[in-house]
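Please open the structure in your viewer and keep the selection tool at hand.

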Amino acid sequence: MKTSALYARVSTSGQEKEQTINSQIAEIVSKAKGDGSAIEQGLQYVDDGWSGELLARPALDNLRDAVKNKSFDTLYLYDLGRLSRNFLNQLILKKELTEAGIKIVSLHDINGENPESLLAQNVMGLFHDYERIKIAERFRRGKLYKAKSGILFGWQAPYGYEYIKGKEKGMGNFKIVPHEVEILKMIFQWIGIEGLTIRQVIKRLYEQKIYPRKSKNKYWSTSTLSRRLRDETYIGVTHYNKSKSIVPENPTKNEKYKKIKKSSRHNNPKDQWFAIEVEPIIEKELFTAVQKQLILNDSFAMRNKKNNYLLSGLAYCSCGRKRAGEGNSKTHNLYYRCTDRVLRYPLPKECHNKGVNATVLDDRVWSTIVKLLSNKNLIKKHFGIWKEKQKQPTSNTDFLKTELDKQLDAFETQEKRYLEAYGEGAISLSQYKEQVQAIQNKKTTILTKLQRVSTDFSTPSAPVILPDLDEYCDKMKIILTNRDFEKKLPIVRKVIQKVTTDGTIATIQGYIPLQIPVENTQENVKFKSEYRYRRSPQRRKINPIQRPP
Ligand SMILES: [Zn+2]
């Protein structure tokens with residue numbers, strides 16, 4: 001009995017005018033049924049909302065793995081464009097399938113059963129590729145032309161307006177939405193006249209139950225609101241070609257799969273913008289006043305950051321979130337507060353742990369560091385534990401190593417695939433180089449991790465010379481006594497990993513530095529990080545400190 005599989009994909013882009021994923025699947029299933037084979041659920045590979053430009057798609061990857069294992073012998077597709085929008089990538093995939101002895105049945109293509117029809121199929125593929133690029137380009141130039149002639153077309157109108165299609169194609173305009181305009185005027189006045197900050201505005205909007213247009217969370221986000229407040233559309237000029245989508249240079253998330261390639265937006269130079277007049281909503285004076293107030297608010301926020309928090313970035317709340325320094329520098333009422341309140345804003349907070357007086361916690365933590373690092377017995381005990389640990393790699397290490405090795409193998413397979421594709425002439429040298437470079441980068445990261453795993457836990461390559469521990473503790477005491485803030489800060493950053501508190505009890509987690517500079521103990525405090533000893537979590541001693549009543 002023959003086993004069949006299907007692959008279906010639609011992209012999110014409306015331009016392609018594709019059918020829905022379900023109608024694709026339904027058509028394929030009924031065709032397969034007619035051929036006398038049922039496609040079981042496990043062999044239906046579906047990428048819903050993925051661009052055909054990229055090869056890295058979750059269901060496609062699963063399909064390719066199934067191909068490698070020869071889990072089926074016929075693959076049904078709506079058309080070959082489902083596999084890839086890029087002709088060369090399409091060739092790679094087709095080759096993988098045919099080499100595994102899998103028959104491809106495409107519902108809307110010439111099916112290549114003999115050399116002539118195969119050639120025809122490839123020519124069609126190439127033609128589609130060319131056509132796609134041409135259409136995209138024509139579309140882009142057409143829009144530019146309209147914008148240059150001052151015509152608004154198919155735009156997503158900003159809050160306060162609605163886009164109205166014209167009688168003639170492309171003769172659209174923005175129409176004012178009265179209730180949204182009222183809200184906008186109010187917001188601009190709150191800032192321009194009352195001098196509110198964006199956050200205060202968000203809170204007020206939430207309290208008055210005024211929600212943004214697309215509101216999943218029912219509150220305005222800082223970024224949305226600050227974009228609206230700076231949008232010149234409201235004083236009567238909207239811009240086309242202000243930005244373009246690009247492949248992100250420094251992606252914030254290092255995801256394995258990306259739904260679209262160009263997920264980042266980049267501002268075009270101002271001379272490439274096209275101004276189009278629309279009906280203004282906000283008076284110019286008020287708009288200018290708001291811009292000034294926003295700059296003022298920013299500079300005030302910057303000034304506020306200058307308070308001295310010894311544990312900034314290291315303080316955590318027992319609820320798991322970070323604690324951030326807050327307070328008035330003039331009155332010296334500085335606190336470490338749980339960021340739950342800020343992050344959930346303007347929704348009510350979930351964490352009810354109290355803020356901790358920053359001066360008190362800083363002092364307590366510092367004196368604890370001094371006490372711990374000059375405690376000879378404690379230091380000796382922990383160095384002993386650490387030395388033991390150096391001799392035996394843990395089972396945890398082995399697990400990590402196997403995991404990393406597996407990842408490395410997967411990348412090597414990928415690399416081979418591309419090399420093969422290049423060898424066959426399916427991709428160009430520059431495409432090959434680009435792909436391989438990306439893989440190489442990932443491999444380097446894994447290799448570094450592997451190295452770290454080995455050096456961190458297994459037998460060290462060079463024996464570590466332990467300092468004289470009595471002398472170490474005496475010197476530490478001298479170094480740590482009478483430090484001012486500037487000198488304390490680098491030490492705290494080296495020694496402390498985390499300070500967690502619920503408002504009453506604080507737990508310090510940190511490292512014992514292995515070496516201290518013998519010379520110049522008065523001024524230069526430097527710890528050599530390569531000898532830094534990381535205390536293992538299971539052996540960590542918890543040193544609770546009590547907050548004074
Ligand atoms: Zn909390």
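A residue counts as exposed if its relative accessible area is over 50%, and as buried if that value is under 20%. Please bear in mind that the model is predicted.

**First stop: two lysines**

Select K209, in the loop between helix 6 (198-207) and helix 7 (222-229). Is K209 buried or exposed? Its relative accessibility is 62%, so K209 counts as exposed. Now inspect the backbone: the phi of K209 is near 55°, a positive value in a residue other than glycine.

Next, select K70, which is placed in the loop between helix 2 (58-68) and strand 3 (74-77). K70 also has a positive phi, of about 50°, although it is not a glycine. With 54% relative accessibility, K70 counts as exposed.

**Second stop: the zinc ion**

Select the zinc ion together with C317, C319, C338 and C351, whose SG atoms coordinate it at 2.2 to 2.4 Å. The angles among the 4 donor atoms are 104 to 115°, and the site is tetrahedral. Along the sequence, the spacing of the donor residues is C-x1-C-x18-C-x12-C. C338 belongs to strand 13 (residues 333-338), while C351 is in the loop between helix 9 (340-344) and strand 14 (356-357), 13 residues apart. C338 has a relative accessible area of 8% and is therefore buried; C351, at 10%, also counts as buried.

How many aromatic pairs does the count give? The count comes to 7. For one of them, select Y159 and W220: the ring centres are 5.0 Å apart, the planes are at 75°, and the pair is edge-to-face. Y159 lies in the loop between helix 4 (115-148) and strand 5 (161-164), and W220 in the loop between helix 6 and helix 7, so the pair ties together parts 61 residues apart in sequence. Y159 is buried, with a relative accessible area of 8%, and W220 counts as buried at 4%.

Then select F383 and Y472, whose ring centres are 5.9 Å apart with planes at 85°, so this pair is edge-to-face. F383 lies in helix 11 (residues 376-391) and Y472 in helix 14 (residues 469-480), so the pair ties together parts 89 residues apart in sequence. Both F383 and Y472 are buried.

Finally, select Y161, F174, F188, Y234 and F287, which form one aromatic cluster.

How values were computed
Residues numbered from 1 in each chain as written. Predicted model: local features only at pLDDT ≥ 70, side-chain atom pairs only at ≥ 80, totals over all residues. Heavy atoms only, no water. Donors = N, O, S within 2.8 Å, 3.2 Å for Na, K, Ca; no water. Tetrahedral: all angles 85-135°; square planar, octahedral: opposite > 155°, others 65-115°. Helix = DSSP H or I, 4+ residues; strand = E, 2+ residues; numbered from the N terminus. Buried < 20%, exposed > 50% of the residue type's maximum accessible area, 1.4 Å probe, protein only. Phe/Tyr/Trp six-rings, centres within 6.5 Å; stacked < 30°, edge-to-face > 60°.
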